[in-house]
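Please look at the places where the chains touch while reading.

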Amino acid sequence: MNWIQQTGRHTLERVAVTGRAGLMLFGALFAAPSLKNIPLTVRQLYVVGVQSLAIIIVSGLFIGMVMALQGYTILTDYGAEGSLGPMVALSLLRELGPVVTALLFAGRAGSALTAEIGLMKATEQLSSLEMMAVDPLRRVVAPRFWAGMIAMPMLALIFSAVGILGGHLVGVDWLGVDAGSYWSIMQATVDWDKDVINGVIKSLVFALVVTWIAIFKGYDSIPTSEGISQATTQTVVFSSLAVLGLDFVLTALMFGIE
Amino acid sequence: MQSNMDYLVDVKNMTFSRGERVIYDGISLRVPKGKITAVMGPSGIGKTTLLKLIGGQLIPDGGDITFDGESIPAMSRKALYHNRRRMSMLFQSGALFTDMTVFDNVAFPLREHTKLSESIIATIVALKLQAVGLRGAAQMMPSELSGGMARRAALARAIALDPDLIMYDEPFAGQDPISMGVLVKLIRELNDALNLTSIVVTHDVTEVLTIADYIYILADQRVIGEGTAEQIKGSDSELVQQFLHGKADGPVPFHYPADDLRAAFLGESD
Amino acid sequence: MNRYKTELMVGVFVLMTIAAFLLLALKVANQTVVTDGDTYTLYAKFENIGGLKVRSPVKVGGVTIGRVNAIKLDKDDYSPVVELTIQSEYNEFPETSSASILTSGLLGEQYIGFEPGFTIDGVENLAEGDYIEDTSSALVLEELIGQFLFSRNSEE
């Protein structure tokens, strides 16, 4: 009988956590918007966006270069080096851009968000805001949430563009694929709505999930050093799993059914 | 009705528990206006919890807490936020915002809650910092301050909006004797100069006895002694005396409850 | 303090995003050519369209002049009707032109091969909304094999 009771208790706890996370998201989304929030959001855009630029650009460049190298060796067997452009571009725009950006974002910015909010809680800064009659959801959570939502699609676009340039660097400048065919076959194959816009939609969904998990884990963390380190780890693990799982669902919805 | 006028905070028969653990069981205490009230007790009996209950961050399970005659647990969120502008809390860690300078920290409540121009805010902040002796440190970051200075900066922030009530959570914990002396002086002076009402939660006996107008001693989820400093010193309660003089053993036992030592070591059971 | 620097860097971030966006729009997806230029619409009715898809190219001698805009089924005779969007600069195809569904390479995508017809007096050019009369359907491998086997059987 004991395990039934435990299952029940576990389920109730899960439901309660989901409820708290939902309430927090609701609070952050609909916290009375004010002009004071815009500079705060810009500041967070710097923290989560600009400070993630370096890792995004370097990763995008190398992933594009590696794909060109791998793709070239395979395609050249069939005499189809001309298809290198679309191969690199489609993989980046549809999958790697949004997914790798989201994973890097979870590791770089998500963990930092969790740790920051967790520490603000541990050092009583959140309580202190409440006692100063300032809603921490509006002052602390909302700007970070919106900054994440804005920054991630931007980073994903930059990632894909840099990757395509990296593919050009290796494929065209180094391995000698014809530059004209690299671009023109890419242009003939890549579709604006189906590939570019769907990639942006994917990264918006990932942005929502990763930022939400990161902020909630910080907000709901146990305010001790152990609790915060645990919350930070959970942010990276949960958001990576959520991104990969959701990516399959989104891909099935977008590309699976014609 | 007279009592409502004299007491700013009135805790009536309040019960609060966290999970299975009962923290307060029908506790009552009153905070007179314009005075410094000290709440003392051993560590870990939820003195900070009491302040959070008064601030409306926690809701009691039973009983009532009133602030200036209005019930805090019954307030709407909006009314609560409105009333919180009249109270202020100095956290144990100071809780300064680590991403802002001292100046911006003190200016924060003014910028959030008033529409004053930046030049007026700068003047007010300078005055508040002057009051705690930190005007020269306005452009420093909280990480550059010593513990005592951080607490004074937080105090300047706490009085920025000229509140009616200020709650100090363990203001003396972990301070060197000089900082402690400075804080004692500040609490007393600010209270008299700004016509504040202060609640000081602490377990530092000597400091409190010098400044508090009225003292409550808590233990075992209830009030075990109350009165002015003189009355407390003359109390015949063993528990109060043990606490005041820091005796190792007494009504609060030295040993955490355990089974008999002889039985545990020699395996005798009878 | 460093608020200026923060805002400057966020500005750089935004500009980089716009640059990436433009690269993707103009150089990768080639968004402008097909949709923004002036186009006109032609229709072609096939018996079978095989693997033709919306946005498959329409080519003349290998040069892309337009794309498949929509594929529908004619409700009267249940044959597929393909709507073609052709760039306006190629607007002088005679009515006698033909369209066939071809495959690029052995395994490649299917596209519409457009063959301009002869011009003599009395033959007008194709205009907005016209149907291309002369069409040939996609080759369906199963049908070809079926025909081949059938003809062998009847010979014996």
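A polar contact is a pair of N or O atoms within 3.5 Å, and within protein one of the two must be able to donate a hydrogen and the other to accept it. The model shown here is predicted. With this definition, 10 residue pairs in polar contact, both at pLDDT 80 or more, are found across the interface of chain A and chain B. Helix H4 (125-131) and H5 of chain A are the elements that give two or more residues to the side of chain A that touches chain B. H4(A) contributes the most to that side, with six residues. Sorted by class, the side of chain A that touches chain B holds six nonpolar, four polar and six charged residues.

Charged groups also meet across this interface. The rule finds four salt bridges between chain A and chain B. One of the partners in a salt bridge is A:Arg139, which pairs with B:Glu112, and the closest N and O atoms of this pair are 3.2 Å apart.

The size of an interface is often expressed as the accessible area that is lost when the parts come together. Chain A and chain B bury about 1800 Å² between them. In chain A, the residues that lose the most area to chain B are A:Glu124, A:Met131 and A:Met132, which together account for 35% of what that side buries.

The table sets out the values for the two interfaces.

| Interface | Residues in contact | Buried area | Share on carbon and sulfur atoms |
|---|---|---|---|
| Chain A and chain B | 16 residues of chain A, 25 residues of chain B | about 1800 Å² | 52% |
| Chain A and chain C | 28 residues of chain A, 24 residues of chain C | about 2400 Å² | 77% |

How many salt bridges does the rule find across the interface of chain A and chain C? The count is zero. Between chain A and chain C there are likewise zero residue pairs in polar contact, with both residues at pLDDT 80 or more. On the side of chain A that touches chain C, the elements that give two or more residues are helix H2 (37-77), helix H3 (84-122), helix H5 (136-174), helix H6 (179-189) and helix H7 (192-219) of chain A. The largest share of this side, nine residues, comes from H2(A). The residues of the side of chain A that touches chain C comprise 23 nonpolar, two polar and three charged.

Note on methods:
Residues are numbered from 1 along each chain as its sequence is written. Chains are lettered from A and ligands numbered from 1 in the order in which they are written. This is a predicted model: local features need pLDDT of at least 70, side-chain atom pairs count only at pLDDT 80 or more; totals for chains, interfaces and linings use all residues. Side-chain values use heavy atoms; hydrogens and water are left out. Contact means heavy atoms within 4.5 Å. Buried area is the accessible area (1.4 Å probe) that two parts lose on being put together, summed over both. A salt bridge is a side-chain nitrogen of Lys or Arg within 4 Å of a carboxyl oxygen of Asp or Glu. A polar contact is a pair of N or O atoms within 3.5 Å; within protein, one must be able to donate a hydrogen and the other to accept it, and residues adjacent in sequence count only if both atoms are side-chain atoms. Helices (H or I, at least four residues) and strands (E, at least two) are DSSP runs, numbered from the N terminus. Ala, Val, Leu, Ile, Met, Phe, Trp, Tyr, Cys and Pro count as nonpolar, Asp, Glu, Lys and Arg as charged, and the others, Gly among them, as polar.
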